[in-house]
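I opened my notebook for a new structure today.

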Amino acid sequence: MGVQRIIALTLGWEDLPRSASVHGASRTERVREPVPALLLEHDEGWLLIDTGFNTALLRDPALRRRFYPSPNYQPELPGPGEPLESSFAAVGIDLNDVTRVALSHLHVDHAGGLKHFAGRVPVHAQRAELDYGLNNHPEPERYSMARVDYDDPRIDWRLADGDTEIVPGVTALLTAGHTPGHQSFLVHLDGGGGYVFACDAADLTENITHERAIGSFTGVTADRTVVPIRRLKEIGARYGYPVIPGHDPIAWPALTAELADRFRS
C-alpha cells in the first residue's frame, strides 16, 4: 500500500547567495530558489509536507524587519493572497481535505503555514526539532525559526525519535544537520516506484550528485552534513528512486511538471 498521487507546490521564492545552500560556494552569486511543499494522496486523505511562509511576518513592515533583518536573504510571495490557499485552489483541492501535516523542519519557509492547521489535524515532526525550537532562546530565531509559527497550544504534535512511518507509503527519515531534527521523506507509490525527498538535507542537485556539504547547519560541522546526503542516496539506490533536492531552481519545476503529467486525471 502506498501513495496514490503526489502534487508539488511552490509557495514562494527566496533570493539568497549560493553559499547558503552549498558550503564554500560563492557569496556573491545569487540563486532564486523555490519554496517547496508536497501534497500526497493516501487512503485517509491528503498529507501535506511543509507549509511555506507565515505571510504576516512578510507583509507587516515591522515584523519583516524583525524576522527577516538581513538584506542578503530576500523572500518573495507568489501573490497577494495566502500561498497555500491559492496553490490548493489551483489544483482543485480544499485545505479541509488535508488530514495530516508533516514538517521537514521549523525554518520560516517551511513552518509558516501551520496557522492553517492548528487545532485541525495532526502535525508530524521530530522531537529533537521541536525541543530545539522551543528552547535556547533566542538562538532558534537567529537560525531562521520564528517561534510564533509553531508555539501554539492548539497544534496536535505527533513527535518522532528517528525514522517513522507517517502513513502507509510515507516514511520520515531523520536527517539532522541542517537543523537538529530535520527530516526527509521516503515515498512509495501505489503500483511501484517512488521518490526520496531530501528537503533541506540537500538544497541543490550538486549537494547530491557531488556530495557537497550544505551551506546552513546547526550543531554540526559542515562535513557532517554530507552523511545524511549519502544515506539518502543509498536509500534511493536501494529502491531505484530518485533523490529530489529541496530548493533547486531547475529540479523543482521539472519535478512539478513530471508529477502533473504522471498523475494527470
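Which element gives the most to the lining of the largest pocket? I looked it up: S1 does, with three residues.

**Ground rules.** I am working with a predicted model, where local features need pLDDT of at least 70, side-chain atom pairs count only at pLDDT 80 or more, and totals for chains, interfaces and linings use all residues. Residues are numbered from 1 along each chain as its sequence is written, and side-chain values use heavy atoms, with hydrogens and water left out.

**Largest pocket.** I noted about 740 Å³ of space here. A pocket is an open set of points on a 1 Å grid where a 1.4 Å probe fits, with protein on both sides within 12 Å along at least five of seven lines; lining residues have an atom within 4 Å of a point. I found 27 lining residues, with Leu16, Ala20, Tyr73, Ser144 and Ser216 nearest the centre. Strand S1 (5-17), helix H2 (61-67), helix H4 (108-111) and helix H6 (139-142) each give two or more residues to this lining. Helices (at least four residues) and strands (at least two) are DSSP runs. I sorted the lining of the largest pocket into nine nonpolar, 10 polar and eight charged residues.

**Second largest pocket.** This one holds about 220 Å³ of space. It has 15 lining residues, and Arg5, Ile7, Ala8, Val91 and Ala260 are the closest to its centre. S1 turns up again: it gives five residues, the largest share of this lining.

**Salt bridges.** I counted 16. The rule asks for a side-chain nitrogen of Lys or Arg within 4 Å of a carboxyl oxygen of Asp or Glu. Arg18 and Glu206 form one at 2.6 Å, N to O. Arg18 sits in the loop between S1 and strand S2 (30-42), and Glu206 in helix H8, 188 residues apart. Both Arg18 and Glu206 are buried (under 20% relative accessible area; exposed is over 50%, partly exposed in between, with a 1.4 Å probe).

Next I checked Glu44 and Arg100, which meet at 3.3 Å, N to O. Glu44 lies in the loop between S2 and strand S3 (45-49) and Arg100 in strand S5, so the pair ties together parts 56 residues apart in sequence. Is Arg100 buried or exposed? It is buried, because its relative accessible area is 16%. Glu44 is at 48%, so it counts as partly exposed.

Note on methods: Points joined across faces, edges and corners; volume = space filled by probe spheres on them. Nonpolar A, V, L, I, M, F, W, Y, C, P; charged D, E, K, R; others polar.
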